[in-house]
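Please read these points with the model open beside you.

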Amino acid sequence: PQGIGSPSVYHAVIVIFLEFFAWGLLTAPTLVVLRETFPKHTFLMNGLIQGVKGLLSFLSAPLIGALSDVWGRKSFLLLTVFFTCAPIPLMKISPWWYFAVISVSGVFAVTFSVVFAYVADITQEHERSMAYGWVSATFAASLVISPAIGAYLGRVYGDSLVVVLATAIALLDICFILVAVPESLPEKMRPASWGAPISWEQADPFASLKKVGQDSIVLLICITVFLSYLPEAGQYSSFFLYLRQIMGFSSESVAAFIAVLGILSIIAQTIVLSLLMRSIGNKNTILLGLGFQILQLAWYGFGSEPWMMWAAGAVAAMSSITFPAVSALVSRTADADQQGVVQGMITGIRGLCNGLGPALYGFIFYIFHVELNELPMPESPSGDSVVAQYHLQQNSIIPGPPFLFGACSVLLALLVALFIPEHTNLNVRSSNWKKHCVSHGHPHSPQAPGEAKEPLLQDTNV
């Protein structure tokens, strides 16, 4: 088989690390290009760009997840990494094309979906939450030093060198997948040929959302994911721009903030997550993570001083344990050959949030008149840029209104998560679903009503 050694979590984390390290280098240059390209309504345009990318991700995630269950994970790792990193060299060539390609790249921006399916193929159920934690921690680790390196190189040598370096790392990631990553999906689970049919129902993201409601437990999990990730997606799309342009952080301060947050997230998603999963269980870990997220967003919303942002960032690291815990809970409901579909659906919900969240945050910033009406003044000797809008923000009752909205959304997610049972019995759930099929049937299902089929986790009809 192609690749070096047998499939392992290490292959997955290297792929994630290289991809997001390349993007981390571009943190400071992207903020500059965004401000220069859209001097008016910067937050609104940023939200629209990231929103289109997220919606396209939502539309494509179920199809890519289902195809990876048939054709294997390696080819789709290659595809998603290539198209996710395709916009990088365009930053200095044409900023307009750069932002346009970022929007379109959302069709394949579902690397995490394929990586989580890859990890599920090679881990036992009791190991999976820890493995997901390592993958999420790797994402945080890739951002520990890369923004600082990018900011330093950009200041000393110019942003062009940063773009070239990021492009080289993206190419290295692609070569690593081609040469070193072995296929994780066992041959016996794949069809004899590449001509296996993929039904429209599997590729339709809205059809998969309809299936969510057919199982009450999965419905609760998906509502929790939607309500908690909606503000998180909006926050990721605009927060560093918010720190830079509204709170008066310098490029170096933003890089340092990301580094500290990344280190704390690594600790939270490895050591702390493992301890919590063993001591208080899966569900309580999710509830604890949501509680930290509420505190973090409320602090961002009312914070008007830089030290408040730093304190809230420390709390944000603890909130990062939520998604690995949710992914582990969801993976328990899927068979070995259906992990791609399941993780594709959860990633699809996150993709929908990636579309709605940034657009919603940009719109809330816009209606509350949080705009960059003036360009930053030259940096002060202390290193912090002085922004005219910043002084207006200091006098506001709610400096960051979208973050306060996010705290309310996560509070609803916490209330929904309270109803998720700690332990699920798949046999009981399958039996209940069988009775449901017998009594109600499904006019669009190609399967006989009497057959037991796990709800929403339907895979390809191989």
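1. T322 is found in helix 17; helices here are DSSP runs of H or I with at least four residues, numbered from the N terminus. This is a predicted model, in which local features need pLDDT of at least 70 and side-chain atom pairs count only at pLDDT 80 or more, while totals for chains, interfaces and linings use all residues. Residues are numbered from 1 along each chain as its sequence is written, and side-chain values use heavy atoms, with hydrogens and water left out.

2. T322 has a relative accessibility of 7% and counts as buried (buried is under 20% relative accessible area, exposed over 50%, partly exposed in between, with a 1.4 Å probe and protein chains only). Apart from neighbours within four places in sequence, T322 is in contact with I286, G289 and L290, where contact means heavy atoms within 4.5 Å.

3. How many residues of helix 17 are buried? The count is 10 of its 10 residues, and the helix is mostly covered. Among them are F323, P324, V330 and S331.

4. Helix 15 (residues 282-302) packs against helix 17 (residues 322-331) at an angle of about 150°, and their axes are 8 Å apart. Axes are lines fitted to C-alpha atoms, for helices over the stretch in contact, and angles run from 0 to 180 degrees between N-to-C directions.

5. On the helix 15 side, the contact involves N282, T285, I286, G289 and L290; on the helix 17 side, T322, A325, V326, A328 and L329. By class, the contact of helix 15 with helix 17 has six nonpolar, four polar and no charged residues. Ala, Val, Leu, Ile, Met, Phe, Trp, Tyr, Cys and Pro count as nonpolar, Asp, Glu, Lys and Arg as charged, and the others, Gly among them, as polar.

6. I367 lies in helix 18 (residues 339-367). With a relative accessible area of 41%, I367 is partly exposed. The C-alpha atoms of I367 and L44 are separated by 9.8 Å, although these residues are 323 apart along the chain.

7. Turning to cysteines, C353 is buried at a relative accessible area of 0%, whereas C408 is partly exposed at 48%. The disulfide count is zero, a disulfide being a pair of cysteine sulfur atoms within 2.5 Å.

Terms used: Helix = DSSP H or I, 4+ residues; strand = E, 2+ residues; numbered from the N terminus.
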